[in-house]
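This report goes through a single protein chain by topic. Please keep the sequence and the 3D view open while reading.

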Amino acid sequence: AAVLLVLWEVDGIGLDALPLLDRALRLSWAVLRLRPGQKARYFDMCGKDDYLTPVGRIMGIFALNALRTDDGSSVFATLCLLNHDCSPNASPSWHADQGRAAVHALRAIKRGEEITISYGRDKSNVRLFRTYAFTLPPSEEACCSFR
């Protein structure tokens with residue numbers, strides 16, 4: 001999968017451990033440095049949320065789409081296109097020895113079957129809607145809590 005955006009750790013500290021303002025500034029600066037086509041792809045990962053500030057939108061996209069790598073977090077444009085399923089047939093992972101992300105099948109996938117991943121197994125429909133703007137049929141919802 002092609003890397004769209006990479007944020008490296010600072011002195012061995014992951015991006016999540018940095019103060020919020022520092023994270024926002026580092027992430028905003030990284031997005032602003034993208035080439036025009038890459039920047040458009042980055043912003044296409046999220047709807048036009050008028051209520052979000054530009055920095056809020058940048059951080060939200062990263063929070064929902066970043067994959068942890070061995071030396072930071074990265075956004076992979078192709079991986080971000082995979083849909084959620086409670087019983088996914090694939091899982092994304094980072095391969096440090098190859099310096100790339102890959103999607104691995106968790107079971108045999110039939111020709112024409114959609115490749116899906118899990119956005120989190122224990123998320124209620126409330127959480128899925130609030131975070132990703134979709135819900136699951138009640139029979140597929142993993143839990144009924146507000147986690």
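Phenylalanine 76 is buried, with a relative accessible area of 1%; buried means under 20%, exposed over 50%, and partly exposed in between, using a 1.4 Å probe and protein chains only. The model is predicted: local features need pLDDT of at least 70, side-chain atom pairs count only at pLDDT 80 or more, and totals for chains, interfaces and linings use all residues. Residues are numbered from 1 along each chain as its sequence is written, and side-chain values use heavy atoms, with hydrogens and water left out.

The structure holds two aromatic pairs. Rings of Phe, Tyr and Trp (its six-membered ring) pair if their centres lie within 6.5 Å; planes under 30 degrees apart count as stacked, over 60 as edge-to-face and the rest as tilted. The rings of phenylalanine 76 and tryptophan 94 have centres 6.0 Å apart and planes at 40°, so this pair is tilted. The pair links distant parts of the chain, 18 residues apart: phenylalanine 76 sits in strand β3 (residues 72-76) and tryptophan 94 in strand β5 (residues 90-95). Tryptophan 94 is partly exposed, at 22% relative accessibility.

## The other aromatic pair

Tyrosine 42 and phenylalanine 43 form an edge-to-face pair, 5.7 Å centre to centre with 90° between the planes. Tyrosine 42 is buried, because its relative accessibility is 0%.

## Threonine 69

Threonine 69 belongs to strand β2 (residues 66-69) and is buried, with a relative accessible area of 7%. Which residues does threonine 69 contact, leaving aside neighbours within four places in sequence? They are Ser74, Phe76 and Trp94, where contact means heavy atoms within 4.5 Å.

## Helices

Helices (H or I, at least four residues) and strands (E, at least two) are DSSP runs, numbered from the N terminus. The chain has four helices and seven strands, in the order β-α-α-α-β-β-β-β-β-β-α from the N terminus on.

Helix α3 (residues 54-65) has twelve residues, so at 1.5 Å a residue it should span 16 Å; its end C-alpha atoms are 17 Å apart, which agrees. The expected span is 1.5 Å times one less than the number of residues. Buried residues in α3 are Arg57, Ile58, Met59, Ile61, Phe62 and Asn65. An α-helix has 3.6 residues a turn, so residues three or four places apart point the same way.

Alanine 30, in helix α1 (residues 20-32), is buried at 8% relative accessible area. The C-alpha atoms of alanine 30 and isoleucine 58 are 10.0 Å apart, although 28 residues separate the two along the chain.

## Charges and cysteines

The whole structure has one salt bridge, defined as a side-chain nitrogen of Lys or Arg within 4 Å of a carboxyl oxygen of Asp or Glu. Arginine 107 forms it with glutamate 113, and the closest N and O atoms are 2.6 Å apart. Arginine 107 is partly exposed, at 40%, and glutamate 113 is partly exposed, at 26%.

Zero disulfides are found; a disulfide is a pair of cysteine sulfur atoms within 2.5 Å. Cysteine 80 is buried, at 19% relative accessible area, whereas cysteine 86 is partly exposed, at 24%.

## The whole chain

Of the 147 residues in the chain, 31% are buried. Among contacts between residues at least 6 apart in sequence, 51% join residues at least 24 apart.
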